[in-house]
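Visitor: I am new to this model and would be grateful for a close look at a single part of it. Please begin with one residue and then describe its surroundings.

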Amino acid sequence: MPSSAADTPRTGRIAVIGGGPGGLYAAALLKRLDPRREITVWERNAPDDTFGFGVVLSDETLGGIEHADPVVYAALRDEFVRWDTIDVVHRGTTQTSDGHGFAALGRRRLLQILHERCASLGVRLRFGAEAPPAAELAAHHDLVIAADGVHSATREAHAAHFGPRTATHRNRYIWLAADFAFGAFRFEIAETEYGVIQLHAYPFSPDASTVIVEMREEVWRAAGLDTCDATESTERCAKVFAEALGGRPLRSNNSSWLTFATVTNSHWAHGNTVLIGDAAHTAHFSIGSGTKLAVEDALALAACIEEQPDLPTALAAYEAERRPVVLSTQRAAAASLRWFEELPLYVDQPPRRFAFNLLTRSRRVTHGNLRLRDSDFTGAVEAEFGCPPGTPPMFTPLRLRGLELRNRVVVSPMDMYSAVDGMPGDFHLVHLGARALGGAGLTMTEMVCVSPEGRITPGCTGLWTDEQATAWSRITRFVHDSSPGAAIGVQLGHSGRKGSTKLMWDGIDQPLDEGNWPVSAASPIPYVPGVSRLPHALDRAGLDTVRTQFTDAARRAARCGFDLLELHCAHGYLLSGFLSPLTNRRTDACGGRLENRLRFPLEVFDAVREVWPEDRPMTVRISATDWAEGGTSPGDALGIARAFAAHGADAIDVSTGQVVPDERPEYGRSYQTPYADRIRNTLDVPVIAVGAISSWDDVNSLLLAGRADLCALARPHLYDPHWTLHAAAEQGYEGPGAPWPLPYRAGSRIPPTGRTDAPKPRLTLG
C-alpha cells in the first residue's frame, strides 16, 4: 500500500517502469534527495542490452546534471567525446563549420554509469522483468513514473486520460555503428540511381561512431531495401558510403528500418502516474534530443516533487515547466525532420548555401549565432549569396521587373479597419508613411477592396471611386517624396463570403447588426455555419462584373503611383474561395479539379496584368494550406503557384489558412515559411515568406538559406514602425539598403544607456 506513516517521506514508495536514461536518472535523483524512499526500477531487458549506439547531450543538460548530481556528472565528464566541427559533404565538396560544441558517449556506457549510481544509492533494479501494469503499481505505490519509451504500454493503457497522438513520417532510417571515430559530426548526401540517401554520423567514443542512414520511403523501396534483412541492409549502406567509411564495414545491433513517430500527449499525469521521456513526447533524432529531453524531464520531476507541498501540485508543476520547453523542441525537430524529408529540393543549391541551409534547418541555429560560431564560414556563404562586404543579406537589393527594392523587408498587408466609405484618411497616411520612413524596402497597403460589397467590414479601404484614388495618391506621393527609394504596393481583393462583418475589435467574423450588404462566393457556403451570412454563388454575369471591378481598381492603382500590385488569392476571400476544394463546390467549368478551380482567379489575374503597367511587378498572395482535412494539398499549392507564375506573376506571397473557421494551424516561429521554401525550391520562382517572422536574424537566415527572396513582417512593424532601420543599427549597417531619412539621421545610432559594469580590480595581492 502507499506509505502513510508520519515519518515516511512524501512519495515514499516509487515504481519506475523502464530502465532507460530517463527512468534511471529519475530514480537516482529521487533516492538521493531522500534515502528513505523505496524505489524500484523495472526493465524488461538485461542490463547490458541496449538499442542504438551513441547519445548526445548539450552543455545545458550537463550543467543541470552537474548541479543535481556531481557524482554522475563526474563519471559522464570522464567518458565524453567532445568535438565542435560539422562537415557537410555533397557533390564532391566538403563544407566545414566550426564552433558547434557537441558531447557524446556510448548509450551502453551511459546506462552502466546510471546503473552503478542507482545501485550505490540503494535503488532496486529489476532486469529482465516486465513491470506490472501501471494501474496495479499505482495502487501500491505513492508514485509511478512511466519511462517506458515511444511504445509506452502505460500511455496506451490509459489513453483516455493521457490523450496521446502519434504522427508517423515519410522517411525510413536505420541506426548503425562504425568502429572508428569520425573527426566531426558528418552529414553526407549520396545521389544514387534510386534517389537521395543521407548519412548522419558522429563519434561517441575514441574508436566508434553512430551512423544513421536515412531516405524517403520511395527511395528505400526502389533500392530494394524493404526486402533486405539487417545484415544485407548494413552491407548495402556501407557500400553507398564507402568513401566516408574508408572502406570499413558498418555493424548493427538488432537494427531495423524505422519510420519516425512524433508522440504528443494532452496530459502527462493521471492520478499518481506520470509520463517522462519518449513516453510523453518524442522529437526527431536529427536534433539529438531524445535522451536530452528524458534526462531533463527527470531533473524537473525530481525538483518539483522536492519543492511542492503535495504530489498533485508537483506533477502539475512538472508539466507546466516542461511542456513549453518540449513543444519548442518538437517544433524545431519537426522543422529539421521536414527538411530531410524535402532534401531533394535543395541538392542543386550552391555548396555553401546548401551547407548553411542544412545547419539552420531547425531554426535553432541562425545566421547570427552561426556567425558567432564560425565567422569565416558564414562570410563565405554571404559572399556566395552576393552580399557586399559588411552588408547583411536582408539589405541586399532585389529587382522585380522595373522595380528595384533596396532591401528584402516587406511591411505585410494589415487590415486597419479605419476607413469611412472606403476612403483612406490621415490614419492611413501616417500608418503607411511611418513604415516607409522606417526603412522597409516595400510597404504594402491593407487589402484594398474593389467594390463596396467586396469589403470585409465598413472600415475597409477601397479603390472603386476616383475620389478614393485621389486619397491614395496623397499617400504614395508622401512615401516617394519623404522616403526616397522606398516602394509602396497595393493589395487588391474582394471579401467574398467573409464580408459584411463587424470591425475586428467589435467581433471578428460576426455579421453586422444592421446595414449588411449581400455577399458572394464561389459556392453558397457560409463562413461560420449558423452565424455568417449565406453567400450567393456567382454566375457568369457576376464573374464578369467582379473581373471588371478588379481591372478598374488596377487602373486607378496605376494612376495613384503604386509601385507593385498584389492580387489577394488567400485567406478565404473571394478568389481564395475558388481555389480551395473546401469552399468551391461548383459543378461548372470553375469547379472540380484544380485546373478548373484556378480558372476564374487566373482570368482575373490576366485581366489585371493586361491593364497594369508592363514595367511594374505583380505578385499573388495564396494560402498554401487550409490547415484542414480535405483542403488545399501540398500538390495543390505547387499547382496554384506554378499556374500564376506561368501567367506572369513576378513573385508568390506564400501565406496559409484563414480559409475555414475550423482550421488547426501549427503555430510557431516562422511557421509558414516551409510552404514558401517548398514553392521556391520546387518551381524556382521568387517567393515572399510570411508568418511569425519576428527577428532580423530570422530574415537573414531565411534569405541566406535560399528559402525566401523577400520576408514580410506584420506585427513587428506594429510594435516598431522603424523596425528595419533599427535592425540596421543593431547590426552596425549604414549602407544604401537602409538609408535614414535626413530629419531622422541624428537618431541612427542606438541610444546609449547607463553603465552597469562595475570597476575592474586594478591590483591583486598574493
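Visitor: Which backbone atom does the side chain of asparagine 357 reach, and at what distance?

Guide: The side chain of asparagine 357 reaches the backbone oxygen of alanine 705, at 3.3 Å. This is a polar contact (N or O atoms within 3.5 Å, one able to donate a hydrogen and the other to accept it; residues adjacent in sequence count only if both atoms are side-chain atoms). The model is predicted, with pLDDT of at least 70 required for local features and 80 or more for side-chain atom pairs, while totals for chains, interfaces and linings use all residues. Numbering starts from 1 along each chain as its sequence is written, and side-chain values use heavy atoms, without hydrogens and water.

Asparagine 357 lies in helix 13, which spans residues 351-359; helices are DSSP runs (H or I, at least four residues) and strands likewise (E, at least two), numbered from the N terminus. With a relative accessible area of 0%, asparagine 357 is buried (under 20%; exposed is over 50%, partly exposed in between; 1.4 Å probe, protein chains only). Leaving aside residues up to four places away in sequence, asparagine 357 touches Trp339, Tyr346, Gln349, Ala705 and Arg707, a contact being heavy atoms within 4.5 Å.

Helix 13 is also a neighbour of helix 24. Within helix 24 (residues 673-683), the residues Thr673, Ala676, Asp677, Ile679, Arg680, Asn681 and Leu683 are buried. Besides helix 13, these buried residues pack against strand 26 (618-623), helix 23 (634-646), strand 27 (651-655), strand 28 (687-690) and helix 25 (696-704). After helix 24 comes aspartate 684, and the phi of aspartate 684 is positive, near 60°.

The cysteines complete this account. A search of the whole structure for disulfides finds zero, where the cut-off is a pair of cysteine sulfur atoms within 2.5 Å. Cysteine 237 is thus named as a residue in no disulfide, and the nearest cysteine sulfur, in cysteine 228, is 8.8 Å away. Cysteine 237 counts as buried, at 3% relative accessibility.
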